[in-house]
Amino acid sequence: MVAVPFSWLLICYKNQPPAQQQDDNLHCSEKKMASESYPPLFRSHTDSTQAADLDDQLNPVHDLEDPIPLVDLQSLKLGEACEFWGIFRLVDHGVPPTLLTQLEEHAKAVFSLPFESKQSLITSPLSYFWGTPALTPSGAALSTKGTSTLQNINWVEGLNVPLAQLSQFQTDNPTVASFSLVLEEYGKHLARLATTIFEAMVKSLGMDPIESKSHLSNSTGVVRVYRYPPHCSNSASASAWGMDVHTDSSVLSILNQDDVGGLEVLKDTEWFNVNPIPSTLVVNLGDMMQAISDDKYKSVKHRVKVNRSKERISICYFVFPGEGSVIRSSNYKPFTYSDFQKEVQKDLKTVGYKVGLERFKA
């Protein structure tokens, strides 16, 4: 054994970066890579070194143990959840946990690509968007009135994936190609869930299943994959929202979220957190289902708060009525989803927000 002078060990120790410094260097490197993947306007606001955490001071919400109704797919009891909440957690849904894990990992890999690469790699029929969740029928980002400044931009980037056209998508990038295959498999499970849930709602409402069949068409299924970058600031006034308060236009939406919270729903006049729970999916009803049910079921208002230190990944499936399917209700003038969509697009451009079902009140 060779004796090493203590003085030499002391010199080596002093010259070696402290463990915390090594961790910080690694963290800085990772943050730089992540920053380069964000849209340029987001990059200066993703520094998560702020000491003060003001999240709880911004629009406080109720954080009860778990107020969101729980529904088992194998024994669907939807009445109370659909009438009073418009949202519920779905368990025993049959989607393999390994598939959900793969989906999240692939989503992170795609979003980690450089911003410019995502713009060039994500091509028709898929589309890449950022700064707004409002899209045109083709999937392009829609510039809405009042979103020209950074303060009013939604803190989100995403991929729009029309599932019926996914097989037409071609790419040489292995990361994007792998993700498209996982999405295709996931889409089959979501179509099954949407059909099962919709049929149960029709039965619960006492509606004719034959006449109602066209009100949900799996050919309209769209998956949107969202990434919400962290947004850091020392002041409550400089907070950011991933999505402002809105309702979905769909019949129903099925959400798979990671372990970073942020989704909030409005019940009566109070906001509640929808905390992430592993192996569960979150189902919320949209405007089309409210109209189909003659307002017996609720299209839930919700929003997404951006985390100050962590990015958030969520993957949402939306499904709509079939082309030409006319929704008839005592509370609304007869309309198709295309009629509704055109009105929403016009309102977003002219008044800056979705008016929605109010435009079709009888």
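Reader: Where does P125 lie?
Author: P125 sits in the loop between α5 (115-121) and β3 (127-130). Keep in mind that this is a predicted model.

Reader: Which residue does the cis peptide bond join to P125?
Author: S124. Omega of that bond is about 10 degrees. Most peptide bonds are trans.

Reader: OK, backbone angles then. What is phi of D268?
Author: Near 60 degrees, a positive value in a residue other than glycine. D268 is in the loop between β8 and β9.

Reader: Is D268 buried or exposed?
Author: Exposed, with a relative accessible area of 61%.

Reader: And phi of S279?
Author: Near 65 degrees, again positive in a residue other than glycine. S279 belongs to the loop between β9 and β10 (281-285).

Reader: Back to the hairpin of β8 and β9. How many residues are between the strands?
Author: Two residues. D268, with its positive phi, is in that hairpin.

Reader: How many bridges join β8 to β9?
Author: Four. β8 covers residues 263-267, β9 covers residues 270-273, and the two run antiparallel.

Reader: What is the bridge partner of E264 in β9?
Author: N273.

Reader: What does E264 stand opposite in β11?
Author: R303. β11 is residues 302-305, and β8 pairs with β11 over three bridges, in the antiparallel sense.

Reader: What's the strand order in that open sheet?
Author: β6-β11-β8-β9, four strands with antiparallel pairing. The edge strands are β6 (241-246) and β9, each pairing on one side only. From one strand to the next, the twist averages 25 degrees.

Reader: Which residues of α9 are buried?
Author: Y337, F340, V344, Q345, D347 and L348. They cover an arc of only 165 degrees around the axis, so they fall on the same side of α9.

Reader: Why would residues spaced like that point the same way?
Author: An α-helix has 3.6 residues a turn, so residues three or four places apart point the same way.

Reader: Which residues are exposed on the other side of α9?
Author: K342 and K349.

Reader: What covers the buried residues of α9?
Author: The cover includes α8 (287-292), β12 (312-320) and β14 (332-335).

Reader: What comes just after α9?
Author: G352, which takes a positive phi of about 95 degrees.

Reader: C82: buried or exposed?
Author: Buried, with a relative accessible area of 0%. C316 is buried too, at 6%.

Reader: Last bit, the whole chain. How many helices and strands are there?
Author: Nine helices and 14 strands.

Reader: What share of the residues counts as buried?
Author: 48% of the 362 residues.

Reader: And of contacts between residues at least 6 apart in sequence, what share joins residues at least 24 apart?
Author: 77% of them.

Definitions and conventions: Residues are numbered from 1 along each chain as its sequence is written. This is a predicted model: local features need pLDDT of at least 70, side-chain atom pairs count only at pLDDT 80 or more; totals for chains, interfaces and linings use all residues. Side-chain values use heavy atoms; hydrogens and water are left out. Buried means under 20% relative accessible area, exposed over 50%, partly exposed in between (1.4 Å probe, protein chains only). The arc is that of the directions from the helix axis to the C-beta atoms. Contact means heavy atoms within 4.5 Å. Two strands pair if DSSP finds at least two bridges between them. Axes are lines fitted to C-alpha atoms, for helices over the stretch in contact, and angles run from 0 to 180 degrees between N-to-C directions.
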